[in-house]
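Keep the viewer open as you read.

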Amino acid sequence: MSSPVTIQPFDGKSVCLFCGSSETVQPEYLDAARAFGAATAAAGWRLVYGGGGVGLMGASARAAHAAGGRVLGVMPGFLRSRERLFDEVETLVVPSMHERKTIMYDQSDAFVVAPGGVGTLEEAIEVLSWKRLDLHAKPVIFLNLNGFWDTLLAAMEHGIEEGMTPASFRQAWTVCNTVAEAIEAVRAADDLPHLQHDQR
């Protein structure tokens, strides 16, 4: 059994960023991650992310921290070296991927899905699946830079057209093409309760 984690209290909006940890990405993706991190700090929001210091993860967290924002990173211990733990901000090291995702979800009021690999895809699908099951009502926002998520969005649309998913599922997410649009989409959800602890 793992020990209970202690998280510093935060009385405000927390935004979870799902994104890639790869360093071999287009510079504009890293620039967008930095812009998103800085924008969360400017808005007074806490950035919740996967705890790494590389790729889009590291770029967003470093920018938020540099701009004076609050950051909460959550990383499973076995990834400490691979994703290069960014310990200049509040960071929890947990035993498993499952615990990582649970804490990130529970500590967030909204989810923004930036470009990333299969891990980011898994996180996005899981949070959408929970929303489909009415386990939460938190915003899920795709930061669709350069049409990065077009194929995933098309696959979900195909499922609706084939009758696998109801048409109402289209309301489960928002698509934004720029960081500014994504920030405004998060801001538009200000009337949602903070930190809904969902029963899954």
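Is D134 buried or exposed? D134 is exposed, with a relative accessible area of 69%; here buried means under 20% relative accessible area, exposed over 50%, and partly exposed in between, with a 1.4 Å probe and protein chains only.

## Ground rules

This is a predicted model, in which local features need pLDDT of at least 70, side-chain atom pairs count only at pLDDT 80 or more, and totals for chains, interfaces and linings use all residues. Residues are numbered from 1 along each chain as its sequence is written, and side-chain values use heavy atoms, with hydrogens and water left out.

## Two loop residues with positive phi

Back to D134, which sits in the loop between α4 and β6. Helices (H or I, at least four residues) and strands (E, at least two) are DSSP runs, numbered from the N terminus. The phi angle of D134 is near 60°, a positive value in a residue other than glycine.

N146 also has a positive phi, of about 55°, although it is not a glycine. Look for N146 in the loop between β6 and α5 (150–161). With 53% relative accessibility, N146 counts as exposed.

How many salt bridges does the structure hold? There are six, a salt bridge being a side-chain nitrogen of Lys or Arg within 4 Å of a carboxyl oxygen of Asp or Glu. K101, E122 and E126 are linked in a network of them.

Take E122 to K101, where the N to O distance is 2.8 Å. E122 belongs to helix α4 (residues 118–132) and K101 to helix α3 (residues 97–106), so this pair ties together parts that are 21 residues apart in sequence. E122 is partly exposed at 39% relative accessibility, while K101 counts as buried at 8%. K101 also meets E126 in a salt bridge, again listed at 2.8 Å, N to O. That pair links distant parts of the chain, E126 in helix α4 and K101 in helix α3, 25 residues apart. E126 is partly exposed, at 22%.

R187 and E184 form another salt bridge, the closest N and O atoms being 3.3 Å apart. Why are they separated by about one helical turn? Because they are three residues apart in helix α6 (residues 179–187). Both ends are partly exposed: R187 has 35% relative accessibility, and E184 has a relative accessible area of 45%.

## How α1 meets α6

Two packed helices are described by the angle between their axes and the distance between the axes. Helix α1 (residues 27–43) and α6 pack at an angle of about 35°, with their axes 10 Å apart. The axes are lines fitted to C-alpha atoms, for helices over the stretch in contact, and angles run from 0 to 180 degrees between N-to-C directions. The crossing of α1 and α6 is right-handed, meaning that the near helix is turned clockwise from the far one by less than a right angle.

From α1, the contact (heavy atoms within 4.5 Å) uses A32, A35, F36, A39, T40 and A43, and from α6 it uses V179, I183 and R187. Sorted by type, the contact residues are seven nonpolar, one polar and one charged. Ala, Val, Leu, Ile, Met, Phe, Trp, Tyr, Cys and Pro count as nonpolar, Asp, Glu, Lys and Arg as charged, and the others, Gly among them, as polar.

## The cores

Which residues have the most contacts inside the largest nonpolar core? They are F36 and V112, in a core of 31 residues. A nonpolar core is a set of buried Ala, Val, Leu, Ile, Met, Phe, Trp, Tyr and Cys residues joined through side-chain atoms within 4.5 Å. The elements giving two or more residues to this core are β1 (14–18), α1, β2 (46–49), α2 (55–66), β5 (110–113), β6 (140–143) and α6.

Not counting residues up to four places away in sequence, F36 touches V15, L17, L47, V112, V179 and I183. A second, separate core of 26 residues includes C16, V127, W130 and L152.

## G20, a buried loop glycine

G20 lies in the loop between β1 and α1 and is buried, with a relative accessible area of 9%. Leaving aside neighbours within four places in sequence, G20 is in contact with V54, G55, L56, M57, P115, G116, G117 and T120.
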